[in-house]
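Please keep the sequence and the structure in view while reading.

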Amino acid sequence: MRKALIVVLLLAASILAGSADEPVWPPLTLIFSSAAISEAEGFVDQIRQAPPDLLQSSHRSRPLNYLNSPWSENGTEEVAGVRERWLQLIAEVRRDNDQLHEAGCQWIIPYVCNMTAAGDHEKRLGLWWVWDHWDECDFPELGFGSKPPDDPLEWVMRNPKGDFWFFYQPWREWYAPLHRYAICPSNPYWRQRMATIAHWDAEAGYDGVFVDNGGMHCYCKHCQAGFKDYIRGRYTEGELQEQLGVENFDEIEMGTEGPLLAEVYRFWAVSLAEHFAGIKRGGAEVRPGFVVIPNALGNSVGDYARGRDPYIWRNSIDGAMAEGSVPPGFAASMPIGAGIMNAVFSDNILPYKIMAGLPGRKVCTPIQYKTNPRDPQQIGLTMAEAAAFGATLAMTRWNANTGPWNDWRQFLNANRVLYENVRPIAPVALLLSFNDMRAGNSAALAETDAIRKALQDQGVPYLLLEVEAILETDLSQFEAVVTPNVTCLGDAEASTLVQYVRKGGKLIASGAAGSRYWAGAERPVSALAEVLPAKPGRLALRKVGSGLCIWNSEALAGSSGPLIAQALFKALGRCPTCLRPSDTRYVYLDTWQRDDGTRLVHLVNYNPEPVSDLELLLPWPARRRSVKVVQYAPGQSATELTPTLMTDGMLVSVDKLEQYAVLAVSGLSTGGEGTGSITQLLPQTSEEVTQWAVQVTQARSQIVCTTAPPALEPAAPETSTTPDQELTFLRHQGVYLIRAQAGEQLAFTVHSRLRSGPSGVEVVVFDPQGKWLSRGYVPARGTKQFKVVAPTTGTYILALLPAPNACAVEIANRYTALSVDEPANFFRQPAQQYFWVPESAKAFTLSADARDGGFEGAKVSVLRPDGTVAGTVEGALDDTESCEITVPPDAAGAVWSLKAEAPEGMTLEDFRIQLSGDCVPLLSDAPGRVVRYAK
């Protein structure tokens with residue numbers, strides 16, 4: 001069933017195995033240069049002050065520019081002497097790289113793109129000029145092989161209908177006079193070209209490449225043929241009908257829905273693994289140990305679609321970039337509307353944990369252009385995350401404030417022994433299912449991310465494993481394995497989990513665990529039926545052999561903090577936190593072990609204020625005469641700590657934690673010397689565990705109402721019944737104001753619609769005084785009804801926080817309005833919205849932006865009471881654009897409206913709207929439900 005994948009991975013492994021020149025990655029520091037070395041005055045001198053291990057240089061420092069066009073920017077070249085000019089340019093770049101190597105950089109990698117080519121197929125520029133002049137310019141002698149028979153237009157990706165698929169908006173002015181095309185990574189001519197480019201990069205002194213846009217979406221002839229071979233290698237003839245709904249191999253075609261689409265996503269990942277292996281092979285012809293680092297990770301598991309799968313790629317790449325990184329720590333309090341503020345607490349832990357859990361462990365390199373390069377707090381947290389959760393690297397632009405970065409590089413260089421030859425250790429394994437993601441099971445993705453955050457909040461060390469990785473992992477090292485709504489399991493993975501339980505392991509499952517095959521087709525019986533409890537329920541338990549399985553038949557997401565804490569307590573008989581339960585501050589930790597047995601505890605404080613008297617409960621027994629605990633931190637001398645030894649571990653106190661520290665614990669043993677037990681310092685009952693987990697969750701929530709909501713009154717004496725129309729979906733966040741009388745029931749339904757992220761929707765209700773009244777959660781792609789009794793008469797606030805998700809709310813028989821005094825985020829085409837313009841109004845302003853650009857845009861129109869257009873904002877709206885609306889005297893004191901639609905030739909998806917000036921910035925879904933501020 002796995003023949004095709006095995007062939008691919010063995011091929012990649014044969015390329016990589018046994019090379020003495022392979023890099024030993026951790027610890028690493030990295031700098032990103034946005035300019036060519038020859039253009040950056042003083043660059044080499046700055047690098048020499050504190051050289052990074054790895055330097056990613058600008059595309060302008062490469063033999064080919066970043067669009068993989070010829071080496072000239074206008075897409076053409078003089079035919080005569082191309083080879084000589086090419087070799088001269090290689091020599092010039094090599095001289096620059098020699099300087100950087102001499103300054104202390106171990107690896108220098110340039111930018112290339114996985115799929116991008118520049119040109120104009122009609123004017124025969126760029127890649128088409130290359131194809132037209134192939135032999136005249138000595139391209140065969142330069143290693144590019146014979147002229148491909150297919151015109152490069154046939155290399156461009158295709159959608160399922162066979163139309164060209166560009167991935168980007170191809171006609172942007174900054175490409176001129178060229179256009180940007182997306183080439184299929186399965187195309188054999190493109191693969192040869194990219195491998196040859198890597199060869200010449202190595203000749204120019206580069207040690208590897210950074211490959212941007214690490215995904216694909218193509219149904220071209222090469223993909224169609226490759227997909228057939230892939231399915232033949234993955235399935236037996238008898239499995240086709242049951243698992244894919246196909247009678248025989250001759251009927252196999254690339255799917256657009258269902259199990260066949262799930263396998264298309266996986267096929268793309270396998271194809272990209274082959275592509276990356278070819279790039280690596282091309283560079284290794286010149287430089288053994290040539291590295292490949294694609295841009296493939298995100299901060300949400302929803303980013304890993306359309307071919308992105310670090311597990312499948314693991315033998316073809318040496319690391320991965322997480323472009324979706326965010327400034328870590330507390331963002332400035334973000335206004336949502338109507339006085340609601342959300343102090344966002346952000347981290348980049350997910351991509352680090354994904355890479356740390358891969359067999360052979362690769363590096364994760366978050367791209368930090370979103371981090372303020374002059375903010376020492378953000379710089380410190382960026383490096384602290386890298387050191388703690390990946391023991392790898394972080395990056396910045398070279399021309400940033402170099403002081404904090406240099407301090408960190410010097411610290412890591414001085415303490416390499418803390419990061420070399422280490423592996424992550426943890427009592428809990430948390431499974432991440434790429435198969436479920438490909439099959440559209442958003443609940444699994446939501447729960448994995450929610451449980452990850454809950455474990456991090458609660459101070460429970462965990463290892464994040466892709467489901468297929470358990471076939472290469474000794475599960476007996478874990479006290480518990482958590483499978484959050486993992487439905488798509490192969491027979492081998494399911495058997496591994498069953499055997500883990502039978503041999504004494506503790507399995508915590510949720511949802512329809514093991515109910516589907518790899519690609520999402522329903523199984524007749526769950527693959528985990530041997531261990532799942534006979535009856536579904538809330539944390540139902542079944543003992544199997546010397547192990548047990550705890551099954552929550554519904555999702556854990558939303559209330560995952562208390563539920564996962566209960567499940568672990570029920571499974572292990574103790575709370576596995578490493579933080580003193582009284583400590584609910586913003587300290588996250590991770591645990592690692594060196595080959596010599598030394599254990600490492602990495603601590604990261606996300607709060608700008610230092611933490612004093614932090615107490616750690618480490619379940620590692622030790623003998624008094626041999627145990628040693630040493631604390632290391634940037635800018636500080638190493639300090640030896642005195643632990644309090646107990647029979648089952650030790651209590652370690654950290655006097656002061658600034659942003660980051662690592663504790664090295666040596667001299668451990670199987671038996672401890674001391675009195676008492678760390679278990680006695682933990683919650684002792686299920687009720688205490690639940691109470692503690694709730695306190696942790698509440699302590700980390702920063703949603704507040706800064707002002708009492710305004711009093712509302714109906715703008716017109718009409719019914720407030722919900723009209724029969726399409727729902728309006730919000731993205732990221734939104735605030736509704738609801739008018740209610742004392743004793744009335746506020747009944748509303750929230751619908752969650754997953755887009756690119758795994759998260760559901762957090763729902764918070766504030767009373768007329770601006771205090772919390774109720775809080776709940778709607779899982780991704782879920783629907784949930786809420787009922788809250790209004791204690792007093794006034795305006796209630798409903799805050800919706802769908803994060804990367806989208807949501808809509810239904811509120812019947814209440815005067816309700818969406819606040820747009822701050823930008824409100826909409827998803828796709830909303831229903832027409834209505835608002836009140838007071839009698840005294842002279843003018844107001846409409847502002848809008850579409851954010852994503854590309855083929856996306858928005859056309860937002862303001863309509864007067866008579867339905868005529870008063871003003872419009874239209875276009876790609878990459879930046880916020882505004883329109884001033886004049887209010888005629890005869891249109892004041894009336895209901896106006898907003899209408900959003902797609903501009904011609906563009907898609908309406910993510911966009912924002914804000915109203916300001918002489919209007920009431922509250923949008924209602926019908927004219928008869930419009931509200932205004934009370935007089």
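In what order do the strands of the open sheet of 3 strands follow one another, and is their pairing parallel or antiparallel? In this predicted model, the order is 26-30-29 and the pairing is antiparallel. Strand 26 and strand 29 form the edges, each of them pairing on one side only, and from one strand to the next the twist averages 20 degrees. Between strand 26 and strand 30 the antiparallel pairing extends over 7 bridges, and L618 has M650 in strand 30 as its bridge partner.

| Strand 26 | residues 611-618 |

N552 belongs to strand 23, which covers residues 547-552, and it counts as buried because its relative accessibility is 5%, under the 20% cut-off. When neighbours within four places in sequence are left aside, N552 is in contact with A509, S510, G511, G537, R538, L539 and L563.

F345 is found in strand 14, whose residues are 345-346. Apart from residues up to four places away in sequence, F345 touches G329, F330, Y586, Y588 and Y606. The C-alpha atoms of F345 and P328 are separated by 7.4 Å, although the two residues stand 17 residues apart along the chain.

How values were computed
Residues are numbered from 1 along each chain as its sequence is written. This is a predicted model: local features need pLDDT of at least 70, side-chain atom pairs count only at pLDDT 80 or more; totals for chains, interfaces and linings use all residues. Side-chain values use heavy atoms; hydrogens and water are left out. Helices (H or I, at least four residues) and strands (E, at least two) are DSSP runs, numbered from the N terminus. Contact means heavy atoms within 4.5 Å. Two strands pair if DSSP finds at least two bridges between them. Axes are lines fitted to C-alpha atoms, for helices over the stretch in contact, and angles run from 0 to 180 degrees between N-to-C directions. Buried means under 20% relative accessible area, exposed over 50%, partly exposed in between (1.4 Å probe, protein chains only).
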